[in-house]
Amino acid sequence: MTLQEINFDGIVGPSHNYAGLSLGNLAATKNAGETSYPREAALQGIAKMKANMAMGLAQGFLLPLPRPDTEWLKALAADENTDPALVAGAWSASSMWTANAATVSPAPDTGDGKCHLTVANLVTMPHRSHEWEDTLAQLQLAFGDSDHFTVHGPVPPCFGDEGAANHMRFADSHGQSGLEVFVYGRTGGRFPARQHEQASRIVARQHGLDPDRVLFVEQAGAAIEAGAFHNDVVAVANESALFTHQQALADPQGTYDALRARLPGVQIVEVPADRVSLEDAVTSYLFNAQLITPPSGEMTLVVPEECRDNPRVWSWLTEMLAGNGPIRHVNVVDVRQSMANGGGPACLRLRVVADPATVDQRFMLDAAKAEKLESVVAEYWPQSIDPSQVGSEALAQQVRIARGKLLEMLGITELA
């Protein structure tokens with residue numbers, strides 16, 4: 001069995017809209033009320049997946065969840081007097097950011113030698129709190145081979161868990177035993193800390209991780225205050241490299257020392273605050289990038305266009321590439337529709353180290369399937385959604401038909 005990293009990107013759903021529901025996500029709240037473009041958003045995401053495949057990387061995908069979520073509206077006893085934000089929460093396409101779908105521990109790290117996935121409960125934000133049941137059903141289908149995978153339900157809802165966006169893994173190569181780092185926040189300041197320490201500890205125990213190969217570290221309060229609502233907005237890891245902002249962690253030096261003690265070959269690329277401020281990091285999503293190792297072996301950082309638009313960020317990246325660090329290439333992708341709602345390239349993907357042959361092949365992407373995805377999106381996804389349309393039966397019908405056509409094309413009738 002050949003283990004490799006597979007990126008499972010979320011296909012942007014046909015109800016993609018800018019309702020501004022995510023407190024602490026500055027892009028989402030800034031663009032609240034603007035017109036969204038679901039078709040363009042989904043095509044941008046598919047283009048990013050195709051670019052990764054062109055580098056020789058294994059690529060999977062996860063599907064949009066059923067929207068609007070009428071069962072959730074029933075549970076809220078929603079009527080004409082219901083807060084519009086709650087109604088909009090039933091339409092949210094935020095499951096497109098699959099970095100929040102689950103936390104993943106590959107087989108080399110776990111006690112039973114299987115890949116473990118724990119679906120995130122996402123309880124901090126109402127519009128995301130009802131995602132987990134449909135996400136769990138999808139994970140159980142995609143990773144249903146019980147000889148190789150174990151899929152867990154969510155941790156108790158008293159402890160907020162936001163999935164892989166607050167989890168990093170270090171190893172000399174993806175298929176080897178690794179060191180897993182769980183990043184949590186503490187309540188305080190103007191924005192909530194979304195990842196609870198106890199949630200991370202529960203996941204680590206549930207996955208059967210060796211306590212000597214696990215670190216629990218605190219995210220800096222200043223980073224959360226600046227709009228880094230998840231750790232992956234200010235730090236990203238790949239194999240033996242950490243790419244991080246100087247102010248990402250509450251105790252950066254202590255964390256670096258602990259990493260070096262457990263993985264002597266770790267390479268830390270720290271971006272100083274006097275070169276790239278937290279504000280620059282959050283607005284450009286420099287760290288919400290895919291840090292990947294293609295078959296060429298030259299580590300590559302996949303960043304959004306917004307990084308090139310920021311002269312301080314782009315200057316630093318240019319200087320980094322001129323040096324002799326672990327990151328040898330920077331690729332730029334256009335995911336502006338996702339960025340406007342607060343999610344960059346890293347938000348759009350869940351990393352799973354596994355043998356691709358053990359995954360339900362309906363969730364694996366190739367060139368022919370990508371072309372079919374583009375065709376369905378181009379024909380059925382709404383071209384635009386004005387906020388006034390959210391809640392209308394006409395739009396609801398269009399959204400349901402679009403998702404149904406996608407499931408039909410893929411042959412995934414179990415999720416209909």
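User: What makes Gly178, Leu179 and Val181 contacts of Phe170?

Analyst: Contact means heavy atoms within 4.5 Å. Phe170 touches these and others, including Ala237, Leu242 and Val266, with residues up to four places away in sequence not counted. This is a predicted model: local features need pLDDT of at least 70, side-chain atom pairs count only at pLDDT 80 or more, and totals for chains, interfaces and linings use all residues. Residues are numbered from 1 along each chain as its sequence is written, and side-chain values use heavy atoms, with hydrogens and water left out.

User: How do you know that strand β6 (residues 167-170) pairs with strand β7 (residues 179-184)?

Analyst: Two strands (DSSP runs of E, at least two residues, numbered from the N terminus) pair if DSSP finds at least two bridges between them. Four bridges join β6 to β7, so the pair qualifies, and the two run antiparallel. Leu179 is the bridge partner of Phe170.

User: Which way do the residues of β6 point?

Analyst: His167 and Arg169 point one way, Met168 and Phe170 the other, and all are buried (under 20% relative accessible area; exposed is over 50%, partly exposed in between, with a 1.4 Å probe and protein chains only). In a regular strand the side chains alternate between the two faces of the sheet.

User: Why do the buried residues of helix α14 (residues 367-380) line one face?

Analyst: Lys369, Ala370, Leu373, Val376 and Val377 are buried in α14 (a DSSP run of H or I, at least four residues). Seen down the axis, they fall within an arc of 125° (taken from the directions from the helix axis to the C-beta atoms), so they line one face. On the other side, Ala367, Glu371 and Glu379 are exposed.
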